[in-house]
Amino acid sequence: SLTVFSDVDQVVYRGDRVALVGVNGAGKSTLIKIMAGLLSPSTGTCEIGTKVEMQYFAQYEHDALHPSYTVQQALESVAPLGEAQKARNVAGSFLFRDDDVEKSVQVLSGGERTRLRLAMMLFSPANLLLLDEPTNHLDIGSRQTLERALSQYTGTVVMVSHDRTFVDKVATRILDVRDGRVREFFGTYR
């Protein structure tokens, strides 16, 4: 079996916005999948705090959207109790305006699907977001919208990203995954 990394001992605290950075193949996606409970560590444990409601964003997981829903219906489906009327505002903040909210999920482009999935996660009652390459397939305007939304998000975020500007604008902590280790990186990522 292949050892991707060892001796990882990190704590992510409530409200942290942690970026996992490093070269391709270093184990960033593996680490976030372990946190999401999709993979088990071969040794050691990954413990999630009590009362943590998690959402995981995989960069290629477009089939998670209900094909018969409209953008509005998809957002309403994850709305906290009593907040379904805010779905149009959330849609607008993720660049779905006017008639766009009535578009069927099945006709959305890849970038629109990514924006919708991210909007749904931020609108859901989750207090931990695990995001694997959330800016892939996003244009500049959509990336800036996501930066603003995550900067205002009061929950905890762990994200894998190669987008240095995005990391600098959003992350409060940077963990560098390389050479089989995970180390805190201090300073800007640019």
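Analyst: Two strands pair if DSSP finds at least two bridges between them. Keep in mind this is a predicted model, where local features need pLDDT of at least 70, side-chain atom pairs count only at pLDDT 80 or more, and totals for chains, interfaces and linings use all residues. Numbering starts from 1 along each chain as its sequence is written, and side-chain values use heavy atoms, leaving out hydrogens and water.

Now the sheet. It's an open one of 6 strands, in the order S2-S3-S4-S1-S5-S6, with mixed pairing. S2 (54–57) and S6 (181–185) sit at the edges with a single partner strand each, so one side of each has no neighbour in the sheet. On average, neighbouring strands are turned by 15 degrees against each other, direction ignored; axes here are lines fitted to C-alpha atoms, for helices over the stretch in contact, and angles run from 0 to 180 degrees between N-to-C directions.

Zooming in, S1 and S4 run parallel and are joined by 4 bridges. Arg17, for one, has Val157 in S4 as its bridge partner. As for packing, H4 lies on the sheet and touches S2 and S3, with its direction at about 170 degrees to that of S2; contact means heavy atoms within 4.5 Å. Over on Leu75, the contacts include Leu116, Ala119, Met120 and Phe123, not counting residues up to four places away in sequence.

Methods:
Helices (H or I, at least four residues) and strands (E, at least two) are DSSP runs, numbered from the N terminus.
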